[in-house]
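Dear colleague,

Please find the structure below, handed over for your study. My notes on it follow.

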Amino acid sequence: MSARNRELFGLIPAALLVTAGFTGVFIQRENALSNVSLTYGAIFLALCLAGHIFIRLTLPNADPYMFPLVALLASFGIVMVYRVSSTDARQQAQWFVLGLILFMVTIVTCRDYRKLEQYRYLIVVVSLVLLVLPRLPGIGEQVNGAYLEIKVPGGLSFQPTEFSKIGLVIFLASYLRDTRQVMVMGARRVLGVTLPPLKHFGPVLVIWGLAMVALVLLSDIGSSLMFYGALLSMLYVATGRLSFVVIGLAAFAIGAWYLGTHIPHVNARFQDWQHPFDPRLYHAQGGSFQVANGIFAQSAGGLFGLGWGQSILSLIPFPQTDMIYAVITNELGLFGATAVLVAYLLFIYRGFKTATLARDSFSTLLAVGLSTVFGLQVFVIVGGVTRVIPLTGVTLPFISYGGASIVANFVLLALLLLVSDRSRRPVP
Amino acid sequence: MNRQIRNLFGVIVIMFALLIVWTTRWTVIDATALNNNALNSRTLITALKVKRGRILTANGETLARSVKRPHTVFWTRTYPQGPLFAQAVGYSNLARGQSAGLERYRLDDLKGAQTTLNSVFGPLGGNQDVGDDVYTFLDPKAQQLARQELAGRPGSVVALDPRTGAVLTMYSNPSYDNNHPSAPCSDACQLNRATQGQYPPGSTFKVVTATAGIDSGKYTPDSTINGDSPKTISGVPLNNDNNQSFGPITLTKALTDSVNTVFAQVAEDVGRRTMTKYMKRFGFYDLPPIDLPRDELAKSRPYNAKGRPYLPASPNEDIGRIGIGQGGLLVTPIQMAMVAAAVANNGKLMEPRLTNKVVDPDGRTVRTIDPQVYDQVMSPKTASEVNLMMRTVVDEGTGTPAKLGSGVPFAGKTGTASIGTTGSGLTQPWFIGFAPANDPKVAVAVTIEKTNGEFGGQVAAPIARDIVQTLLSEGK
């Protein structure tokens, strides 16, 4: 079976899921099965088919599993968002269409994605501006104590970090391709620790600094973990030096510890994470109420969950964005939540597979970076909701409600498929 | 670079594994503790969605039921009989976390067995959120009569089936409207005086002293004891009523005329240890073993002048005065009903219980609360002897006002404990008993708080008589 036919068949689970999901939610809500659920399913399936045909025409050799996995996650996401709020779901569907259009635009305009390297400094500057934009007065908006959104005229809000993560990965892939040899060759041993040459390592240090700044200015532990983690991963893959990673992690840990103990609002987040059930923190304004109720929602879910539409949403703050994983666990249980995580892992696996098949270092690093940053985003939000790490409000890719997230992740998918198509193209 | 990519993927797999482990921690490992966490209002909201079952009288009258709050999916409780059954039924306001009585004690039954495993699509067939009905033994007629005859005076009426421990009547004054438990009220209206009120039992306690004396083998009903007044007990002179001296009389005659000096001597002679042993067998020193929340129960036992309980058989207690129901002894009305019931049931004391059975919404009996033996307090022989002694009390002694018109033999004992400061003239009148004495079906205890010198035979005995008569005519 050809790769594209495999992709086509891969869409079947997504189609079934979206139909079954809407059916479930409808039965729960209206106590009757309306054919609207089937209509939703059909429209969604048509969009996925359109995406598929487009890939068939433009990227015939691309990985056949990524698009179906994204369709699966997105269809699951639309059901979950619909379950929380039908208005949000309608908007989410519109964003989905826009995402699909941008996906196609990216594939057409960046057909030779290696041209992006020429614009790497422009890209990194834009990315960094986007990163600090939410902090600027008048534009930025504080949500749950963190500055992650900007207001767009028309009452919409927008999370620019979703795009800066892609920009930073493109920059790093390009920069590390150039300097990875020198970093290894010019490395010196100081006190038994191998250090890369400062000249080439400088920009990397700048990003470390920025991650720390993000931590302070944006009160955003999760995003800085995401960016910094992607940086270290790409550095490791590019140079093969574990010592760089160890030094980097140690530096991050020290920085995070210092900020966590000395900056009040970061410290408050740490406290909420450590003691969510402390009544004092629980009842405090902006305290651990959100974390604690996310945990309560999960515990109520148990192994199999309460069933679609059974959640008591008034008890879960931000159910369609930050806490959507808690809603999933509440309604579908440990098994449902694990299935979602496995779908993400499979997608990341296909991304890494693409990286290993790539024929040049830029492509490899780009695929590794994009997959890693995607995986870290899932880890940051799910880890936050499950209390593995302090909670930060990033979106759960393709599932959470959020326009920027859907669109940006479709661009990410487009780039991965572009790399994949080139690397799997038969050698003439 | 492929080796590094493989390693990196390994790290990501480990991170995702962590996420699954943590999710498992919340959904499975710590789930029970989290579901019961005080901050977790989810459990409460789930509970509010359940239509709890009814609480009913023996003949099926509704004492508590669920009503839907308008325009919501939540249920609240309403109590059609209000104050008449408030102490036994209690109330339950889940949203405020306030509850009492059977409403609290039987909450799990009233909520029913809730299924925890729902399908992905939730409950498709029927409503599972309906609880079970709880049937009590309470008799509405006798209950109504108790309220009527107490006529607003603070006090308590308890009636038991001595054969099973079934609580047939439990009413106390003042009562409260359990539909509005937060409404302010005076005189501790929410105190369930039947199980929580603590009063000196006065001469009704002589039944316990007589049991200890006879069952220990030291006395028989015909033993002769000097009934002169006063007698020095624990270094202080003790008087009979009106300081009357009876001379040498039998134990039966002493009970019939309620001679204090005789029973004080018996208690001292039998001794603290033996008296305490029999008191414990009757249920003293223990919370009444009834199906009500622990904090609505009080222990019956002697207290010192500072209001602190004596250790059992403490050498500091005045066992002679305890033997006539004074000396700091404080008891609950249900404890005195248990004393009567133990004698009535051939010495075998049954644990009192309000609940008969739990019935599901389809009418199937889910479970029956079986009678439980508390203790064999005395031998059946002692029981029949004490039974006969108590019959003479009603036939020809202080308890004659309790005589049943139908000629059904009634065994009983009056009590009139002096309370308040010496010379205040305040009394706590009592009557305990059971009928028919030759085949006991009802045991009863009646007391009235703080009267101006009224006697148990005068005010408590007639109430007991009417309650017993009503319950017997109801076919109990």
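Chain B holds an open sheet of 5 antiparallel strands in the order β8-β7-β21-β20-β19. Strands pair if DSSP finds at least two bridges between them; helices (H or I, at least four residues) and strands (E, at least two) are DSSP runs numbered from the N terminus. The edges of the sheet are β8 (167–173) and β19 (411–418) of chain B, each of which pairs on one side only.

This is a predicted model, in which local features need pLDDT of at least 70, side-chain atom pairs count only at pLDDT 80 or more, and totals for chains, interfaces and linings use all residues. Residues are numbered from 1 along each chain as its sequence is written, while chains are lettered from A and ligands numbered from 1 in the order in which they are written.

The antiparallel strands β19(B) and β20 (residues 427–435) of chain B are joined by 8 bridges; in β20(B), Q428(B) is the bridge partner of A417(B).

Overall, chain B has 16 helices and 21 strands. Of its 476 residues, 51% are buried (20 or more other C-beta atoms within 10 Å of the residue's own, with C-beta atoms placed from the backbone).

Where the chains meet, the contact (C-beta atoms, placed from the backbone, within 7 Å) takes 36 residues from chain B and 49 residues from chain A. On the side of chain B that touches chain A, α1(B) gives the largest share, 18 residues.

Yours sincerely

Methods. Two residues are in contact if their C-beta atoms, placed from the backbone, lie within 7 Å. A residue is buried if 20 or more other C-beta atoms lie within 10 Å of its own, exposed if 12 or fewer, and partly exposed in between; C-beta atoms are placed from the backbone.
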